[in-house]
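Hi everyone, thanks for making time.

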Amino acid sequence: MSRTDLPRPKPGVMDIAAYVPGRETAHGVAKVYKLSSNESPLGPSPAVTEAFAARNVDLATYPDGSAHELRQAISRAHGLNPGNILCGNGSDELLGLLCQTYLAPGDEGLFTQHGFLVYKIQILAAGATPVSVPDTDLTANVDAILDAVTRKTRMVFLANPNNPTGTYLPVSEVRRLHAGLPKDVILVLDAAYAEYVRRNDYEAGIELVSANSNVVMTRTFSKIHGLAGLRIGWMYAHEAIIDACNRVRGPFNVNALAIIAGAAAIGDRAHVERAVEHNEAWLGRVCDALEALGLTVTPSVGNFVLIHFPKTAGRTAAEADEFLTARGYILRRVAGYGLPDALRMTIGSEEANLGVIDALKDFMA
Ligand SMILES: *Cc1c(COP(=O)(O)O)cnc(C)c1O
């Protein structure tokens, strides 16, 4: 059978470059340190295990389709109205749901040059047109984004902080971006790393959502809460957006264990604080050590750091990746993000961080 006889996906689908997740393993090494997907070295709160033990989950029964318990727990933790919260199978699902709900063929979705790859994928999957906007110094440029807005623009995605660069926009810039957008364009603030940011000019977007009907903030349990395996995300938005997305989403998109785990995790502020402190302590140490080796790192406010390698043979990012992998340290290649000369490293356990530094010392020697 020739290719043309096969069922044809709708326009846009075959333009998608499938998302390649951070690698999980390396072969022939005693111990593998996965520093490729920004997961938490602390893992989930002990309250999650306790909640599983205390609850007799009936796996034969569908979960609560409204994820009421989880939305209540999120609303308590953040002081939000549960009616403005929608939970998803990871925030990735919510990004797709927003595109499916608001983008049609002919519409344009904007995202930044080195932004998270899921935006482009989901814009294409909705049949709409992806528009990449140039960054300045690996940071979103508000003027460039506003310049790229056309009559066809329906949605603007901003990861803040951004993955994989680790850079962020202060709240004044996010407000200026919102103020420059037409009222019928949705600004999606992907705040997957919000908890890690310790800057007094940063806000995740709660106030902007509360005051406006065209801003959505998405959050995840995959990073600071250490629950990537359960797939839990949530978004905060105006009731009209929640209502529209609720019509499109799968009726039981968040599973029963995820609801229990998420509710327990978000109530354990001390665990979140421990994760922030671990990151604070190691982010600076790792960056200093890498710079001492002659490498350039982009200042990061997240739980990961972008490391830039020279283009000289023997010192390139691709070679560093092979070298590290052979020792069991899995970092993330980010060529797909337009960064062929860099690797992204998640801040891991003490052992993992020191191991990478040691290995790179040998690599650069
Ligand atoms: C990790 C990450 C997410 C989270 O995705 P989940 O589907 O919730 O695991 C979202 N946005 C960005 C920018 C990320 O790096």
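This is a predicted model: local features need pLDDT of at least 70, side-chain atom pairs count only at pLDDT 80 or more; totals for chains, interfaces and linings use all residues.

Residues are numbered from 1 along each chain as its sequence is written, and side-chain values use heavy atoms, with hydrogens and water left out.

Okay, back to Lys31. Its side chain meets that of Glu351 in a salt bridge, 3.2 Å from N to O. The two come from distant parts of the chain, 320 residues apart: Lys31 sits in the segment before strand S1 (33–34), and Glu351 belongs to helix H12, residues 350–364. Glu351 is partly exposed too, with a relative accessible area of 44%. By salt bridge I mean a side-chain nitrogen of Lys or Arg within 4 Å of a carboxyl oxygen of Asp or Glu. And the helix and strand labels are DSSP runs numbered from the N terminus: helices are H or I with at least four residues, strands are E with at least two.

How many salt bridges does a search of the whole structure find? The search turns up 14. Why would such pairs form at all? Side chains of opposite charge can pair when their charged atoms come close.

Let me show you another one, Arg247 with Asp243, whose closest N and O atoms are 3.0 Å apart. Both are in helix H8 (residues 239–248), and because they are 4 residues apart there, about one helical turn separates them. Arg247 counts as exposed at 65% relative accessibility, while Asp243 is partly exposed at 38%.

Next one: Arg154 and Asp184, with closest N and O atoms 2.8 Å apart. Arg154 is in strand S5 (residues 153–159) and Asp184 is in the loop between helix H6 (171–180) and strand S6 (186–190), so this pair ties together parts that are 30 residues apart in sequence. Asp184 counts as exposed, at 52% relative accessibility.

That brings us to S5 itself, where 7 of the 7 residues are buried. Which strands does S5 pair with in the parallel sense? One is S3 (residues 108–112), over 3 bridges, and another is S6, over 5 bridges. Pairing here needs at least two bridges between the strands in DSSP. Leu110 has Val156 as its bridge partner in S5, and Phe157 stands opposite Val188 in S6. Together, S5, H6 and S6 make a right-handed β-α-β unit: with the strands pointing away from you, the path from the first strand over the helix to the second runs clockwise.

Last stop, strand S13, residues 339–346, with 6 of its 8 residues buried. S10 (residues 304–308) runs antiparallel to S13 and is joined to it by 5 bridges, with His308 partnered by Ala342. S12 (residues 332–334) also pairs with S13 in the antiparallel sense, over 3 bridges, and Arg333 stands opposite Leu343. The hairpin of S12 and S13 has 4 residues between the strands, and there Gly338 takes a positive phi near 75 degrees.

Definitions and conventions
Buried means under 20% relative accessible area, exposed over 50%, partly exposed in between (1.4 Å probe, protein chains only).
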